[in-house]
Amino acid sequence: MRNKILFALAAFAAALIVRNLYVIFFVLGDEQNQGAIWRIFEFHFPAGILGLGGFIVATIFSILYLVGNDLRFDSISASIIEVSLVFAAIVLVTGSIWARIIWGVWWAWDARLTSMLICWLIFAGYLMLRRAIEEPTQRARLSAVVSIFGGIDAIIVYKSIEWYRTQHPGPVLTIRGANDAMPEVWQHTAYWNLLAMTCLAIILVMVRMRQEGVSREIDSMRRLAHSY
Amino acid sequence: MFYGFSAAWLIVIIYVVLLALREGKLRRELDRVRQMVEKR
C-alpha cells in the first residue's frame, strides 16, 4: 500500500514538474529588468518554503519527542530535516547564481542570506551530531535540542525580509502583503511548482522514514544478539 | 538561468542516489544482523 502511494505521488509530481517546466520556459515572458534569469524564482521560492517549512515542522516533532520520549517522533524529525536540508541547499545555490547575475556578486552578507546560511549550518550540524552518538535516546534528546535552535533561526530567516531592509528583496507575493507584487500568473506558476516539489519532498521523507525504521530494527536486533 | 535549474536538479539527483545507496546498505546490514541472531 505504502509503495503504491509512493508511486502514485511520484507519477503526479513528475507530470506536474513537466507541465511547470513547459509553462516556465515557453509560456511566461521575461522580466523587464532581469530578463530570463528571474525564472529561477520559480524554483528558488518553493525550495525556500519547503526548506524553512520543513525545519519548523521537524522542530515541532523534536519538541514532541522531548515531551513524550517517543523515538518515532525523533525519526520523523530527522527524516524531515535531512530532506529540508537538500531544499535549503537548493535555495542557497540558486540564490547565489541569481545574485551573481543581478547583483554582480555570488554572495552578500545581508540579513536573509546570512541567517539562511546559519540555519543550514545548524541543521547540517544536527545530522553530524546524530552520526556521532550511538545511544538512541541520548542521540534523540541532544539532536532535538539542536533542532529547537535551528527552528528558531528558521523563523528569523522567514521574517528577515520584513524586519531588515538589506540586499535581498522584500516580499514579492500578494499573500505576504507585497506592495509591489509580481504578476499573478508568475505567482500561480510558483504555487504549482511548490505543489510539485512538496510531492517530491513527501516521497523523499517517506523513503527516509522507512530507512529510519530499518535502522531501528537493526539496532534492536544487534542488542538482542549481544544479550545472548 | 539554465545553471540555476541544472544546479537545483543536480542537488536533488545526488540526494536520491545517496538515498538509494543507503537503502541498499541498510538492507544488507539487516540481512547480516538477522543471520547473526538466527545463528545464536
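**Chain contact and helix packing in a predicted model**

The contact between the two chains takes 20 residues from chain B and 26 residues from chain A, where two residues are in contact if their C-beta atoms, placed from the backbone, lie within 7 Å. On the side of chain B that touches chain A, 14 residues are nonpolar, 1 is polar and 5 are charged; here Ala, Val, Leu, Ile, Met, Phe, Trp, Tyr, Cys and Pro count as nonpolar, Asp, Glu, Lys and Arg as charged, and the others, Gly among them, as polar. The model is predicted, and local features need pLDDT of at least 70, side-chain atom pairs count only at pLDDT 80 or more, and totals for chains, interfaces and linings use all residues. Residues are numbered from 1 along each chain as its sequence is written, while chains are lettered from A and ligands numbered from 1 in the order in which they are written.

Chain A holds 6 helices and 0 strands, these being DSSP runs (H or I, at least four residues, for helices; E, at least two, for strands) numbered from the N terminus. Of its 228 residues, 35% count as buried, a residue being buried if 20 or more other C-beta atoms lie within 10 Å of its own, exposed if 12 or fewer, and partly exposed in between, with C-beta atoms placed from the backbone.

Within chain A, the axes of helix α1 (residues 2-27) and helix α6 (residues 184-227) come within 9 Å and cross at roughly 150 degrees; axes are lines fitted to C-alpha atoms, for helices over the stretch in contact, and angles run from 0 to 180 degrees between N-to-C directions. The angle makes α1(A) roughly antiparallel to α6(A), since angles under 35 degrees count as roughly parallel, over 145 as roughly antiparallel, 65 to 115 as roughly perpendicular and the rest as oblique. Among the residues that make this contact are A:L9, A:F12 and A:L16 of α1(A), and A:W192, A:L195 and A:C199 of α6(A). By class, the contact comprises 17 nonpolar, 3 polar and no charged residues.

Helix α2 (residues 41-68) of chain A has 28 residues and should span 40 Å at 1.5 Å a residue, which agrees with the 40 Å between its end C-alpha atoms; the expected span is 1.5 Å times one less than the number of residues. The helix is followed by A:N69, which lies in the loop between α2 and α3 (71-102) of chain A. A:N69 has a positive phi of about 55 degrees although it is not a glycine, and this residue is exposed, with 12 other C-beta atoms within 10 Å.
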